[in-house]
Amino acid sequence: MPHATSRYLAEGPRVGIRHFTHRDGAEFVARVRESKDLHHPWLFPPDSIEAYSAYAGRLIDDPAKAGFLVCEKDGPAGPGAIAGFININNIVGGAFQCGALGYGAFAHSAGRGLMREGLDLVVGHAFGPMRLHRLEINVQPGNTASIKLAKALGFRREGYSPDMLFIDGAWRDHERWALTVEMRAAG
């Protein structure tokens, strides 16, 4: 739980999560550019201020989306440095209460467990204040780091979707992973 004076929605031992702001553009774009090799061919976050502004605007303004920055509380890049990002897209209420997670680490934080901590915080926020019941992750089968992260947080593999998303010039197959409030409580 965040402290009354915290700038984070939730905090763990090493990271805090907060919403995207337009002021984050320069740092976010710099981190994306440093991380191109890490992200390719899996994801293509905005790598210009103009693209970031449009991207952040959608996450800020669209009620069917929620964007979170994973920030180091204290680390080699300095306190508050953006370590990665996690978005909940396609949020549907009513009887469904579900959203689809997408995420990416930045190169300076990869392999340090920061995204695991951050994703755990986002899942807790989604199942708590956001009142979602189910979260899904769609990941390309060769993206072993993302699959490892999903497994570590208790997501179960539910299926395989051929030609699901158009990424990097082609329709890509994806594995479907999901977690519900009940699964998290039992885990």
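Student: What volume does the second largest pocket have?

Tutor: This is a predicted model. In it, the second largest pocket has a volume of about 500 Å³. A volume here is the space filled by probe spheres set on the grid points.

Student: What makes a residue part of the lining of that pocket?

Tutor: A lining residue has an atom within 4 Å of a pocket point. For the second largest pocket, 21 residues line it. Closest to its centre are A105, M115, A145, S146 and L149.

Student: Which elements give two or more residues to that lining?

Tutor: They are α2 (36-39), β5, α4 (114-127) and α5 (144-152). The most comes from α5, with five residues.

Student: Why is C71 called buried?

Tutor: Buried means under 20% relative accessible area. C71 has 0% relative accessibility, so C71 counts as buried. C71 is found in strand β3 (residues 66-72).

Student: Which residues does C71 touch, leaving out those up to four places away in sequence?

Tutor: Contact means heavy atoms within 4.5 Å. By that test, C71 touches Y8, R14, V15, G16, R18, G80, A81, I82 and A83. As for L114, C71 and L114 are 43 residues apart in sequence. In space they are 8.6 Å apart, C-alpha to C-alpha.

Student: What makes a group of residues a nonpolar core?

Tutor: Two things: the residues are buried and of the listed nonpolar kinds, and they are joined through side-chain atoms within 4.5 Å. The largest such core here has 32 residues. I88, L101, L135 and F155 have the most contacts inside it. Among the elements that give two or more residues to this core are β2 (15-19) and β8 (170-180). The most comes from α4, with eight residues.

Student: Which residues does F155 touch, not counting those up to four places away in sequence?

Tutor: F155 touches L101, V123, L135, I137, A150, W177, A178 and L179. There is also a second, separate core of 14 residues, which includes Y8, V32, Y55 and L69.

How values were computed:
Residues are numbered from 1 along each chain as its sequence is written. This is a predicted model: local features need pLDDT of at least 70, side-chain atom pairs count only at pLDDT 80 or more; totals for chains, interfaces and linings use all residues. Side-chain values use heavy atoms; hydrogens and water are left out. On a 1 Å grid over the protein atoms alone, a cavity is a set of points where a 1.4 Å probe fits but cannot get out, and a pocket is an open set with protein on both sides within 12 Å along at least five of seven lines; lining residues have an atom within 4 Å of a point. Helices (H or I, at least four residues) and strands (E, at least two) are DSSP runs, numbered from the N terminus. Buried means under 20% relative accessible area, exposed over 50%, partly exposed in between (1.4 Å probe, protein chains only).
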